[in-house]
Amino acid sequence: MDLIHATAHELLGKLDRREVSAEELTRAFLGQIERLDGQVRAFLHVDGDYAIAKAKLVDGKRAIGDPIGKLAGVPIAVKDVLCTAGRATTCGSKILEHFVPPYDAFVIRRLKEADAVLIGKTNCDEFAMGSSTENSAYQTTRNPWDLERIPGGSSGGSAAAVAASMAPLALGTDTGGSIRQPASLCGVVGMKPTYGRVSRFGLVAFASSLDQIGPFAHDVTDCALLLETIAGHDVMDSTSVDSPVPPYTQTLDTPLAGLRVGIVREWFGVGLDGEVEASIRAAIEIYRKLGATIKEVSLPHSKYGIAAYYLVATSEASSNLARYDGVHYGHRANEFDDMIDMYSRSRAEGFGTEVKRRIMLGTYALSAGYYDAYYVKALKVRRLIRQDFDRAFEEVDVVVGPTAPTAAFKIGEKTEDPLSMWLSDIYTITANLAGIGGISVPCGLTKSGLPIGLQILAAPFEEERLLRAARMFERETDWHTKRPKL
Amino acid sequence: MALSHEEVEKVALLARLKLSEAELEKFTTQLNQIVGYVEQLQQLDTEDVEPMAHPLPVTNVFRADEVRPSIGTDAALANAPKRDEEFYLVPPVLD
């Protein structure tokens with residue numbers, strides 16, 4: 001198999017055996033970016049010289065036997081909402097077009113300590129608000145399986161970069177499905193860890209009680225490896241949990257005995273595409289064949305998930321994005337009457353339509369007279385959604401179902417109808433409200449050759465169980481070995 | 001309940017967004033659709049439900065009050081659209 005199509009753990013083996021150098025590897029991926037990214041448009045910034053310099057450094061360490069990190073020499077792409085010191089971080093927004101962060105995000109520091117090679121920053125919906133990357137102020141990323149279609153979002157650039165073998169690993173962020181949904185649509189593995197498992201320090205905030213950083217990879221083993229690298233407590237994020245990170249890669253291949261798999265009754269109704277449903281049913285049969293107990297469970301409040309989410313997420317966003325004031329950093333209007341006019345014009349010029357729409361909705365939901373009816377009501381429904389999961393996880397170890405209701409849709413298909421776009425997150429959004437972890441693994445292709453993803457969810461901080469359950473499925477199938485023809 | 005054009009204008013002012021007339025029109029229609037959609041939450045009886053603002057039961061997290069290195073004035077101001085030495089420049093706030 002070509003180097004570029006290999007997994008990170010295969011590449012690490014080759015690097016350790018000196019079959020390839022980090023520099024050769026980095027050049028191979030840069031070559032693939034050069035060849036394909038004009039079409040796929042997954043990257044906002046690629047800095048070949050920077051990546052090669054790092055790769056040479058790692059090769060030097062290996063040559064003289066210096067201690068090396070666990071991703072030594074492996075290229076990685078990073079969503080452009082994660083701060084990289086001295087290197088542009090735009091969040092897919094015009095308002096941050098010239099922003100250069102003074103510090104690294106915690107996860108970037110972890111990647112550097114692990115000797116990974118940062119190959120570029122990936123495209124996303126503006127401030128991670130969207131499900132297709134069409135809300136990026138710079139470009140729309142194409143789905144590597146069909147260039148007429150969206151890659152999903154908001155971390156569409158990261159998903160497409162891995163799918164198109166332009167990087168073996170990537171980081172994304174997931175506020176309502178923004179890792180799992182593009183992973184599903186691009187045929188790669190994507191994981192949203194439990195809220196608090198990974199530090200959000202240096203992640204440009206969208207909705208602070210929902211945002212979480214997580215991995216993209218070709219397979220579950222790589223996903224475990226990358227999660228191991230980035231998880232853990234950070235004093236700079238007081239919501240990052242101070243509990244040990246289990247050695248996920250070591251237990252991964254041990255199947256879970258007596259696994260109880262929950263099938264969510266409410267997830268198989270109207271709106272679920274027939275081909276997607278057939279693939280998910282086939283995946284459930286694989287678990288049954290492996291000896292798992294299959295049990296139907298109910299999440300009765302999940303149908304309120306989208307409504308609750310869009311009040312909570314937009315309320316938090318309207319507050320978080322108040323920081324873009326044309327004073328401290330970011331775009332500032334050239335002409336204005338006074339201070340308030342300067343704020344209002346700078347923000348109107350800098351933000352795109354979806355971001356404005358969400359700030360408007362959040363501002364409204366938090367405004368005097370509506371706060372209780374909208375924001376507080378949504379928070380109460382959020383608790384009901386969490387309680388649904390708590391009850392389900394008393395009966396089963398994991399729940400499985402579709403990650404997204406359909407395979408990738410066409411570019412432009414949903415841009416004029418925000419509600420229909422939001423509905424593409426219907427199966428992923430409740431995990432963010434509840435704060436639990438979830439993973440999407442490839443589980444099929446439609447007749448027209450578009451990837452389908454299986455979502456697996458588990459109780460908070462059960463990432464080890466989640467990864468082992470995902471790996472049990474992956475061992476029985478070869479969907480994760482498929483690559484788009486480009 | 002329906003949001004009027006004037007209410008949407010007021011929200012835009014609160015949000016510090018100078019919207020064009022076309023944007024105001026579009027958002028009035030769309031916000032009404034969205035508010036109509038989220039209205040379904042009112043079907044649920046949540047009288048005795050505690051609001052959940054956060055997934056984790058963390059409350060105050062304290063650390064020792066020790067001085068640590070920080071990024072310094074120059075780095076902090078490096079992204080300012082307008083600055084004067086070690087100050088951010090803003091339009092006059094008082095007449």
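Which residues does Arg471(A) touch, not counting residues up to four places away in sequence? Keep that in mind as you go through these close-ups of a predicted model.

**View 1. Arg471(A) and the residues it touches.** You'll find Arg471(A) in helix 16 of chain A, which covers residues 463-475. Leaving out residues up to four places away in sequence, Arg471(A) touches Val220(A), Leu252(A) and Asp253(A). Take Asp253(A): along the sequence, Arg471(A) and Asp253(A) are 218 residues apart, yet their C-alpha atoms are 6.8 Å apart in space. Is Arg471(A) buried or exposed? It has 23 C-beta neighbours inside 10 Å, and 20 or more counts as buried, so Arg471(A) is buried.

**View 2. Helix 2 and helix 3 of chain A crossing each other.** Here the axes of helix 2 (residues 22-40) and helix 3 (residues 48-64) of chain A come within 8 Å and cross at roughly 155°. Angles over 145 degrees count as roughly antiparallel, so that's what these two helices of chain A are. The crossing of helix 2 of chain A past helix 3 of chain A is right-handed. Helix 2 of chain A brings Ala22(A), Glu23(A), Thr26(A), Arg27(A) and Leu30(A) to the contact, while helix 3 of chain A brings residues including Gly48(A), Ala51(A) and Ile52(A). Sort the contact residues of this helix pair by class and you get 6 nonpolar, 2 polar and 4 charged.

**View 3. Where chain B touches chain A.** This contact takes 42 residues from chain B and 54 from chain A. On the chain B side, helix 1 (5-14), helix 2 (21-38) and helix 3 (73-77) each give two or more residues. Helix 2 of chain B gives the most, with 7 residues. By class, the chain B side has 31 nonpolar, 6 polar and 5 charged residues.

Note on methods:
Residues numbered from 1 in each chain as written. Chains lettered and ligands numbered in written order. Predicted model: local features only at pLDDT ≥ 70, side-chain atom pairs only at ≥ 80, totals over all residues. Axes fitted to C-alpha atoms, helices over the stretch in contact; angles between N-to-C directions. Helix = DSSP H or I, 4+ residues; strand = E, 2+ residues; numbered from the N terminus. Parallel < 35°, antiparallel > 145°, perpendicular 65-115°, else oblique. Left-handed = near helix turned anticlockwise from the far one by under 90°. Contact = placed C-beta atoms within 7 Å. Nonpolar A, V, L, I, M, F, W, Y, C, P; charged D, E, K, R; others polar. Buried ≥ 20, exposed ≤ 12 C-beta atoms within 10 Å, placed from the backbone.
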